[in-house]
Amino acid sequence: MVQQRTNPLRKYIRNRKLPHFFCPGCGCGQILNYFLKAVDDLQLDFKKIITIGGVGCTARIPIYLNTDSLHGVHGRTLAWATGIKLYRPDLKVVIFAGDGDLVSIGGNHFLHASRRNLDVTVILVNNFNFAMTGGQVAPTTPFNSVTMTTPYGSKENTIDVCKLAVSAGATYVSRWSTAKPIQTVKSIKKALQHKGFSLVEILSQCPTNFGRYALRTGDPEKVLEWIKNRSISKTKAEKLNEHELKDKFILGEFIDKKRPVFQGTTLFKEEDN
Amino acid sequence: MRRKQVLQGNIIVAKAALAARCNFFAGYPITPSSEIAQFMSRELPRMGYDFIQMEDEIASLGACIGASLSGRKVLTATSGPGFSLMQEHLGMAVMAEIPLVIVNVMRGGPSTGLPTKPSQSDIMQARWGTHGDHPIIALYPAFADEIYSETIRAFNLSEKFWNPVIILLDEVLAKAHEDIELPRKNDIHIYKEKIHRIKDLNIYDREIGENPPRVDFFKGYPIHIDGLEHDKHGWPTSDPETVNKMQTLRMQKIYHYLDEIVKFKEYYMEDAEIMIFSFGVSARSSLAAVKMAREQGIKVGLFQALTIWPFPKIPLKERFKQIKKVLTVELNMGQTKYEIERISLDDVEKKALLRANGIPFTPNEVLDKIREF
């Protein structure tokens with residue numbers, strides 16, 4: 001007799017919301033798993049976590065998590081988180097955002113939350129395009145890529161979200177990809193334990209949209225292969241010059257430091273620990 | 001006897017908000033509302049609460065939504081251009097049923113318009129600014145004591161109906177210093193809701209016309225709050241039947257309680273043959289004009305709307321049974337004028353005194369218009 005086994009991480013999922021809506025081969029499911037693995041390894045109290053999503057494929061992750069969750073308009077996740085965190089500093093706030101959500105429409109909020117060192121964890125799923133709306137160009141889409149709104153190739157430079165976060169004042173910043181599960185889980189664990197603004201950027205495959213239009217393949221493996229071929233570790237990257245690093249994604253931890261976290265303006269707050 | 005104070009309109013709003021136990025303010029500086037933010041930035045931190053100046057008005061209302069969900073009583077203040085930016089989050093607050101109070105100190109528009117001049121041209125924006133069918137409450141005080149009482153009422157209504165409430169304030173009233181006798185603490189009524197324990201996480205489950213229950217968010221239940229159309233659990237849905245029910249629930253939570261929400265004042269209306277419909281600073285000019293006209297023997301009265309949305313349709317319809325002449329006085333190119341036209345029959349003679357150049361009406365101008373009947 002075949003013994004039925006359920007994923008031990010299922011206990012964190014809203015079973016009634018399944019099946020999820022992600023496309024076959026999408027990286028969001030993997031990232032959901034990595035996050036739950038990190039929570040499970042750390043034995044965090046799931047009742048003390050709030051997950052927030054804006055609009056986009058990634059932003060749907062909180063709907064499946066059995067936490068207090070908030071899912072609203074596009075790009076404003078960090079604004080809500082500011083209001084929540086000021087009143088409930090005891091809670092862990094985790095934001096799931098896509099590249100469009102976080103740095104296109106929400107770019108301003110991202111800069112200022114980093115500057116304030118708001119004590120939240122941002123899990124940025126970078127799939128190089130606006131996927132939920134059908135594969136349009138994003139600030140992270142590589143130069144000359146064909147998307148649904150750049151039929152002749154994108155003529156814009158991309159944004160390096162990690163560099164941006166570091167210069168704006170974030171205190172934990174790392175970049176990994178869905179092809180590096182162990183490092184990603186480790187990094188999410190670090191981010192969850194970090195006091196201050198922590199950002200984990202995860203390069204993820206979108207076979208349905210980015211794959212089909214920009215890479216001319218709907219095969220998730222091939223999209224992942226493309227990400228892998230372009231990825232380079234931070235230690236290796238340090239030895240290369242700017243020309244050699246063109247079109248490369250540098251993976252690794254970019255900053256991990258302590259800085260007082262934003263605690264609001266009230267005159268009755270305990271000291272930062 | 002209580003001592004009279006001389007206070008600026010903006011400060012009266014801020015003081016009333018504190019009296020209503022507002023304990024969070026997020027805002028962005030904008031003329032002519034900045035004094036509210038300045039006052040709150042001084043008072044809230046020393047009471048143990050938070051003031052935050054966000055990066056823009058979108059984020060301001062966003063932070064208010066986060067704080068309100070966490071259990072705070074929140075206020076933000078802005079003016080036309082900022083109110084335009086807030087429309088996105090205003091819609092989310094309506095959809096997810098989040099209580100908050102927004103003060104819009106109106107200035108001339110559109111765009112950056114006339115930053116230091118009064119205007120009453122955001123009335124329709126307050127009603128229909130955010131997209132989609134939605135219920136909204138907007139209050140419109142005209143005198144110093146009303147600014148105080150309506151601000152407190154705004155908090156009470158938003159807490160009771162779990163809906164955003166907008167306070168429309170005229171630039172002249174916000175900037176003018178007037179004498180006011182603030183009520184005693186014990187004389188202020190503050191709505192206190194019962195906290196309902198949530199069964200089965202059905203946070204939006206209720207009968208049509210019922211007040212929404214208080215949501216115990218962030219207590220680890222776990223609850224989902226969504227800006228998408230949702231079912232009784234708050235989970236996204238597009239099932240036509242559920243959507244229909246939720247739309248009706250949201251509209252009816254306001255329209256079942258019109259008696260409580262719609263407030264107005266009447267002056268010299270007992271034997272009036274002409275009725276002036278006005279609000280805010282225009283109502284003050286109109287009241288002076290009514291007194292002048294009465295001295296000349298013209299039988300004219302004033303209907304001053306304190307609740308502008310929902311529109312005082314039922315009481316006005318009642319007045320139109322006797323009064324067959326109506327004059328709308330408003331500092332815009334004609335907004336509530338059309339509402340009056342909608343609810344009055346053809347046998348009512350309608351005139352309007354309109355202007356949007358940044359200069360309020362003088363009583364004499366209103367009087368001249370009354371004489372045109």
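Me: How many residue pairs are in polar contact between domain 1 of chain B and domain 2 of chain B?
Reply: In this predicted model, the count is 17 residue pairs, both residues at pLDDT 80 or more. A polar contact is a pair of N or O atoms within 3.5 Å; within protein, one must be able to donate a hydrogen and the other to accept it, and residues adjacent in sequence count only if both atoms are side-chain atoms.

Me: Which classes of residue make up the domain 1 side?
Reply: The side of domain 1 of chain B that touches domain 2 of chain B has 17 nonpolar (Ala, Val, Leu, Ile, Met, Phe, Trp, Tyr, Cys and Pro), three polar (the others, Gly among them) and eight charged residues (Asp, Glu, Lys and Arg).

Me: And how many salt bridges?
Reply: Two salt bridges are counted between the domains of chain B, each a side-chain nitrogen of Lys or Arg within 4 Å of a carboxyl oxygen of Asp or Glu. E178(B) forms a salt bridge with R284(B), with 2.6 Å between the closest N and O atoms.

Me: What are the bounds of the domains?
Reply: Domain 1 of chain B covers 4-187 and domain 2 covers 265-370, from an automatic or database domain assignment.

Me: New topic: what is the mean pLDDT of chain B?
Reply: The mean is 93, and 97% of the residues of chain B reach 70 or more; pLDDT is the predictor's confidence in each residue, from 0 to 100.

Methods:
Residues are numbered from 1 along each chain as its sequence is written. Chains are lettered from A and ligands numbered from 1 in the order in which they are written. Side-chain values use heavy atoms; hydrogens and water are left out.
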